[in-house]
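Thanks for coming, everyone. I have a short tour for you today. Please take a look at what is on the screen.

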Amino acid sequence: MEGGGPAVRRRSRSASACKSSRDRARSRGVCSPPARKRPSSGAGEEPQPAPGSPEYNNDSEEDMFGDYDSFSGNDSLLAQVDDMEQECIQSIDLTSCTKNMEEKATVEPAFGYLQLQNAKSKELIFSAAGNIIGFKTEEESHVRTTSEQDNRTLEPGDCFLDDLPSSQLLYFEEMNKTSVDSRKSSGTKESANDMNSCLDKMLNQSSCHHNAEPTKINNELSPSTTSNMSKRKSLKDHLKNTMTGNAKAQTPQVSRTKLLKEAVLSEEICVAKKTIETSSVDVGPFYGLPSKVKDLLVQFRGIENLYEWQHTCLTLESLQQRKNLIYSLPTSGGKTLVAEILILQELLCRQKDVLMVLPYVAIVQEKVWALSSFGIELGFLVEEYAGSKGRFPPIKRRMKKSLYIATIEKGHSLVNSLIETGRVGDLGLVVVDELHMLGEGSRGATLEMILAKILYASKTTQIIGMSATLNNVGDLQQFLQAEYYANNFRPVELKEYVKIQDSIYEVDNKAENGLTFSRLLNFKYSSNLQKMDPDHLIALVTEVIPNYSCLIFCSTKKNCENVAEMICKYLNNGLTSDERKRIEEAYSAGVLCLLTCTSTLAAGVNLPARRVILRAPYVATKFLKKNQYKQMIGRAGRAGIDNAGESILIVQEKDKHLVRDLVNSPLENCYSNLFLEFTKGIQSLLLSLVGLKIARNPEEIYHFMCGTLFGVQQQFLSKEKSLSDITREALGCLIEKGLLKEKMTCEKEQKSQSNLEITQLGQATYKGSIDVAYCDALYRDLKKGLEGLVLESCLHLLYLTTPYDMTYHCRPDWMIYFRQFSQLNSVEQKVAAIVGVPESFITKKASGQAIKKDVDNGVVNRLYLSFVLYSLLKETNIWNVSEKFNMSRGYVQNLLNSAASFSSCVLHFSEELEEFWVYKALLTELTKRLTYCVKAELIPLMEVAGVLESRAKQLYDSGYKTLAHLANSDPETLVKMIEHLSRRQARQIVSSAKMLLREKAEALQEEVEELLKVPTDTSEGLLTTLP
C-alpha cells in the first residue's frame, strides 16, 4: 500500500474501491506515518500481483492487513473514526432543535443492519448491492416504520464499513445492543434521537461524495454536546482496544465468503431442528403422533395410507375416552397396525410404558425385531420378555419409556413384579394379540390372570384386545369392561373350496348345504402317480407354483414328512429354531415356493401364500375346530403380496357331513380355564393375590373372583358349585400344602375374622411362577441337592432344572439309556446314585429283565432328559444329539427351550428362600448357557433379536465379535460380507443391536443415578455432617 492509505482492506474489493478509499482519506487530511513493512520469509522479494489480478483480491488472513503487520501500524482508520465522530457531534448540535431531527427519531441504528443473527429467532436476508450484504431480523421487521428502512442496504461507497475486517462485526452488534439499552433507560425522546442521529451520521458521512470538504466544527459546545463528546472518545478508545485484541487473536485462514456460507448453513440447520422440535409435540398430524411416524411407516413397512376401517377404529370415541376396546377382523385385515399406532401414542404422547402380550416366543422375537427400528428413531426402548429373558421388576426408566413385548407366562411375571413394587400405574396400555387364547388351557388361564389383575390394580391402564376368531364377545366385554368393534374387511379376497374326490366345491353360505359345485380337477395322472398321490396334491400344487407360493397343512408330523418327500422341502415342528428361521426367510424372499407344515405354523407366523391346502380336516386325531380352520386358511392371500387367495380342504366321503357343519358353523365360544386348570389356574391365582396383598381374606378374594372371566361364566361352567364354594376349596388346598396360613384377628364389638398370609414357600412358588402341583417336589429336590451337590460337572444342576411336565411325555430308549449311562465317569455316576437311579435298574431295563425294585419313573425319565441336555451343552449341535438319542430335532429344541425357561423359574424360586442361596450364582450362569447353547464367544451376538446360532457364527467369523461391533456396523457392509443376508434383514439386525446396546447403557445409567441419589429417609442434620 502507498502513503497513508488504510491498512485494513475490505475483502473482495475492486481496485477502484480501494482507490476511492485512499482519496477520501486524503481529502480529510488524515496523514499517518507509514508502518513497518512485513519482512519476506524468503531470501528475495517475490513480485507483487497487479491490483486488478485475482491474486490481489484473495481472502486470506495475510491479505487482511496488506503489507503491514497489523492495523496499529497505520492510524488512518482510527483517524477516520475520529473525524467522523467530530462531524457527528457538530451535526447533532446544529440540528437538535429542527423538525428533521424528530423525524429521524424512529430510525433504527445503522449498526443494526450488521447484527449477527440469533439461530433460534432470526433470519438472514441477503440483498445484493454490488458486493455488500445487509442483515435484517424478524424482531426488527415489525418495529421499523417504512419499507425503505426494512430493505435498506449499504452502498458501495460506504467506505467506513468497507475498511473494517469481518472480526469487527461482533463489535457493532454490541454497540447496537448498547444503543438500544441506553434508549430504554434514558426515558427521553431527545436522547434516543441523539443516539440514532449520531449513528446515522456516522454511516451517512462515510457515504458522502469523495471530493466533499469537511464541515468546520464549532469549538463552543453545549454541556450535552460535551457529554456526548466524552462518550464518543470512550467509543474511540473502546473501538481501538477491541480492534487491537481482535487483530492479535489467531484467525483461521479461511475465506470470508466461506464463513458466510457456513453461517447460512448453520442457520438453516437450526431452523430445521426447530421445525422438528415443533412437530414432535404437534398433536394431530398423524392420529396424535408426529409426522415422522408416518414417514417411518413408509420407510420400514411401505405403508403410505391406512385402510378406511383402520381410520374409523383409531378415531372411535371410546378410544378418545381411553376406554378398553376389543376389535375383531379376519386374518390379514391389518389389526396389528392399529395396535402399533395405539402403542406409539401411549409411548410418545402420554409418556407411559406399554405391555404387548403375544402367544409364542417366535412371535415375540419377530415383533421385537420389527419395532426396534421405530424405537431407535423415536426414542423409546423395546424390551424382550420371553424364555429366560427379562428383568423382574423391570428397570425404572427416568428419561425413556419402555415397550415390553412378552409371552403370556413372562407377561404374568412382569405384571406381578409391577404390582408388588407399586409401579403398575406406569403401564398406560396393555395390548393382547390373539385374545381368543383365553380359552386355551393353562396358557389361557394365565392370560386371564394378567388381565384380571390389571383391571383390579390399575384403573388408569387401558386394555386393547384383538383377534380374528371371537364369538361370545359379550362375555369378554363384561370381563374387560370394554367396547367392541368388528369389521369383515379383508384387503385380498379369500375364496374357500372343498375337494371331494375329483370335484371341487366352493363354500357358499347361501347354498342349501353350504357348498356349490365349482369345477372338476383336470390333471393327467399315470397309474404309479395315482397310487402315490390319491388326493391329487401334486395337481393342486402345480396349478400355483412356481409363479406363486403354496402351503400344505398336514394333520401329523409324520404325514407332513411323507408329503414333503413326495413334493418338496418341508417345514414342521420337528425343525430347530435355526432351521425354521432360515426356511421362513427363504420362503418370504421367494426362494422357496412350497412348504408342507403342521397346524402350529398357522398361529401368528407371517408366512402368507396364494393357495393354502388342508391335507385333512384333522389336527392329530381330533377333528378340526372352526377357529383352527379359520387360522389356517387365513394364511392365504396376504395384503401387499397377492391380489387373490384361496383355500382348499381335502375331504374323504366319510367326513362330508362333518365338513359341511364345519364350514357353516359359527366360531367356538371362548370359555375360562381357571377352574379346569386347577393348580395352574385358580390355585396359582389365589396364591399370588395373597402374596401381592391384593386380597387378604376370603371375602376380598371372592370380590376379586367376581371380576374374572370365570366369575362372568361361572353359572355356565360350574353348575354344581358356586363361585364362593370353589374359592374356599382352592384356599383350603393352598393352606394344606403349606403355601398359605390363616391368622385370626379380633376387633372390638365384631366377630373374629380370618386373614390370610403367604408362607415363604408360597412366596417362592408364585414369584418363581412354579406350578403349585410341583412346588413340593422342587423344594425336596433342591433340599436334597444341598446334602451332596456335585459341582465337578453340570449334570446335577441340569437334573434340577429339567422341567417336571416334560417327564410325563418321555419314553426312553433303554439301550441308548444304558449306553449313555455306561459312558459316565465316576463323578457323573455319583449324580445318578444321589437322585435315585441305580445302574442295575437301567441294565435290567435294557436287557428286558423283570424289575423287582420299585423306582420312581418320573425320576428315571427326568435323568434321561438330563443326559440329553448334558450332551447338548457339551456338543452344542442339535443334529448330533437328536441322532444320538433317536429324537426329532424339534423335540430336542423344545426340551432345550423349556429347560432354559424352567431354570430361570428355579432361580427366582431359590432367591426367595435363604437356605438355597448357593443356587443363585450357579443357576444364573446355567440359565444363560441353556438359553443360547453355543460357545461363550457367540452369546453376545445371539442376545440380538433375530440372530441365531448359524448367523452368529457368520457374524463372528466376519469380525463382528461384540454387540458394539454389530450396533455400529453399516447394513450395506453386512450385506456384502455375510452370505445370504438381505438388506432388510441387515437393517433389522443393526436396529435390534442398537436397541439392545441402548437398553443396557440406559440400565447402567439408571444404576449410577440410583447410587448417587441422596437418601430420602435421612435427616437433614445428618446429611450436613457427612464429609
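Let's start at helix α40, residues 949-957, whose buried residues are Ser950, Arg951, Ala952 and Leu955. Buried means under 20% relative accessible area, exposed means over 50%, and partly exposed is in between, using a 1.4 Å probe and protein chains only. Helices are DSSP runs of H or I with at least four residues, strands are runs of E with at least two, and both are numbered from the N terminus.

A word on the source. This is a predicted model, where local features need pLDDT of at least 70, side-chain atom pairs count only at pLDDT 80 or more, and totals for chains, interfaces and linings use all residues. Residues are numbered from 1 along each chain as its sequence is written, and side-chain values use heavy atoms, with hydrogens and water left out.

Back to α40. After this helix comes Gly959, with a positive phi near 105 degrees. Then look at Lys961. Its charged end sits over the ring of Tyr956, 3.9 Å from the centre. That wording has a cut-off: NZ of Lys or CZ of Arg must be within 6 Å of the ring centre and within 35 degrees of the ring normal. Arg862 gives another case, lying over the face of Tyr804 at 4.0 Å from the ring centre.

**Aromatic rings**

How many aromatic pairs does the structure hold? There are 24. Rings of Phe, Tyr and Trp (its six-membered ring) pair if their centres lie within 6.5 Å; planes under 30 degrees apart are stacked, over 60 edge-to-face, and the rest tilted.

Take Trp309 and Tyr485. Their ring centres are 6.2 Å apart and their planes are at 15 degrees, so this pair is stacked. Trp309 is in helix α12 (residues 308-314) and Tyr485 is in strand β7 (residues 482-486), so the pair ties together parts 176 residues apart in sequence. Are these two buried or exposed? Both Trp309 and Tyr485 are buried.

Now Tyr864 and Phe885. Here the centres are 5.8 Å apart and the planes are at 75 degrees, so the pair is edge-to-face. It links distant parts of the chain, 21 residues apart: Tyr864 is in helix α35 (residues 857-875), and Phe885 is in the loop between α36 (878-884) and α37 (889-911). Tyr864 and Phe885 are both buried. They also belong to one aromatic cluster, with Trp814, Tyr817, Phe821, Phe841 and Phe867.

Next, helix α25 (residues 679-691) and helix α28 (residues 723-736). They pack at about 75 degrees, with axes 9 Å apart. That makes α25 roughly perpendicular to α28; the cut-offs are under 35 degrees for roughly parallel, over 145 for roughly antiparallel, 65 to 115 for roughly perpendicular, and oblique for the rest. On the α25 side, the contact (heavy atoms within 4.5 Å) is made by Ile682, Gln683, Leu686 and Leu687. On the α28 side, the residues include Ile726, Ala730 and Leu734.

**Backbone details**

Two peptide bonds to finish. The bond from Phe392 to Pro393 is cis, with omega near -10 degrees, and Pro393 is in the loop between β3 (381-385) and β4 (402-406). The bond from Ile545 to Pro546 is also cis, with omega near 5 degrees.

Last, Ser332. Its phi is positive, near 75 degrees, in a residue other than glycine. Ser332 is buried, at 13% relative accessible area.

Key
Axes fitted to C-alpha atoms, helices over the stretch in contact; angles between N-to-C directions.
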